[in-house]
Amino acid sequence: ECKDLSPESVKEKEDRKDKQINPLLQKPIFSDFHCNGAPTLAFPSISTSDFQFNQDKASDVIVDAVANFLSKDDKVRLILVDLSPKSNMLSLVRFKASKKNVDTKRFSTYAGDITRINTEGQLKCNVIANATNWRLKPGGGGVNAAIFGAGGKALEIATKKQAETISPGTSVVVTIPTTSPLYQREGFTHVIHVLGPNMNPQRPNCLQNDYVKGFKILHDAYNSLFENFASVIR
Ligand code: AR6
């Protein structure tokens with residue numbers, strides 16, 4: 001079964017206190033990571049909340065794209081993130097990944113805030129993905145608001161320099177400015193903004209339940225994300 005990297009349980013926390021380990025010492029050392037660890041991408045489930053893409057269908061696309069990417073690149077690690085340990089998306093993907101024998105040392109799920117995954121989850125992710133809107137506009141709720149909020153003005157400016165807009169099924173890489181809390185606190189080097197297919201009639205470019213187009217765009221979105229991740233760590 002796919003390993004869950006969620007923050008430690010209350011019991012684990014108590015055990016750790018008992019052993020009197022200073023939690024600060026357990027924080028990842030970012031400068032060593034590139035040399036010693038596998039480059040890691042943390043990504044949210046694209047399109048399955050505000051954009052209302054069917055979650056069961058999306059989980060098939062995720063597991064497919066992950067398995068395909070891992071088979072081509074043997075060093076990287078990928079982590080699917082969602083806010084709640086009760087996330088339906090995380091369960092669906094873990095179930096399907098284990099059925100497909102996806103390597104659990106290289107692909108996991110994490111329940112928590114992606115903008116604090118390294119400090120709260122004691123992980124060493126280098127790059128995070130964002131599920132954005134076509135204008136690459138901060139705010140608007142969901143993971144986009146969280147990432148732009150945590151990234152601060154510096155991330156907003158760096159994003160604008162990179163692109164004004166983004167098309168469905170593509171992604172835009174932004175180097176995180178060293179002044180941004182996402183760099184300073186978490187140690188992330190890049191955000192990759194991804195625009196997925198939209199099934200929500202109240203948002204632009206609604207596909208009106210056309211899952212033939214929707215599948216293709218979601219596949220393209222993950223492939224673009226993973227290719228861009230591979231290109232930034234090379
Ligand atoms: N950390 C990890 N995952 C999160 C977080 C977080 N802080 N916040 C939300 N999620 P959504 P979409 C999960 O709606 O469906 C925005 O307004 C969430 O539970 O953020 O692609 C944009 O501006 C879900 O699993 O993105 C666009 O207009 C996943 O992130 C639109 O929403 C994606 O949910 C994009 O909609």
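Trainee: What makes Phe43 a contact of Leu78 in this predicted model?

Mentor: Contact means heavy atoms within 4.5 Å. Phenylalanine 43 touches Leu78 by that rule, and its list also includes Ile62, Val66, Phe107, Ala129, Tyr222 and Phe226. Residues up to four places away in sequence are not counted.

Trainee: Which residues have the most contacts inside the largest nonpolar core?

Mentor: They are Phe43, Leu78, Phe107, Tyr222 and Phe226. That core has 37 residues.

Trainee: Why is it called a nonpolar core?

Mentor: The name needs buried residues of the nonpolar set, joined through side-chain atoms within 4.5 Å. Buried means under 20% relative accessible area. The 37 residues meet those terms, so they form a core.

Trainee: Which element gives the most to this core?

Mentor: Helix 8, with nine residues. Among the other elements that each supply at least two are strand 1, helix 3 and strand 2.

Trainee: What other core is there?

Mentor: A second, separate one of 26 residues, including Ile117 and Leu155.

Trainee: How do you know that strand 1 and strand 4 pair?

Mentor: Pairing takes at least two bridges. Strand 1 (residues 40-44) and strand 4 (residues 127-131) have two, so they pair, in the parallel sense. Leucine 41 stands opposite valine 127 in strand 4.

Trainee: Why are strand 3 and strand 5 called edges?

Mentor: The six strands run in the order 3-2-1-4-6-5, in an open sheet with mixed pairing. Strand 3 (107-111) and strand 5 (171-175) each have a single partner strand, so one side of each lacks a neighbour in the sheet. From one strand to the next, the twist averages 25°.

Technical notes
Residues numbered from 1 in each chain as written. Predicted model: local features only at pLDDT ≥ 70, side-chain atom pairs only at ≥ 80, totals over all residues. Heavy atoms only, no water. Helix = DSSP H or I, 4+ residues; strand = E, 2+ residues; numbered from the N terminus. Axes fitted to C-alpha atoms, helices over the stretch in contact; angles between N-to-C directions. Buried < 20%, exposed > 50% of the residue type's maximum accessible area, 1.4 Å probe, protein only.
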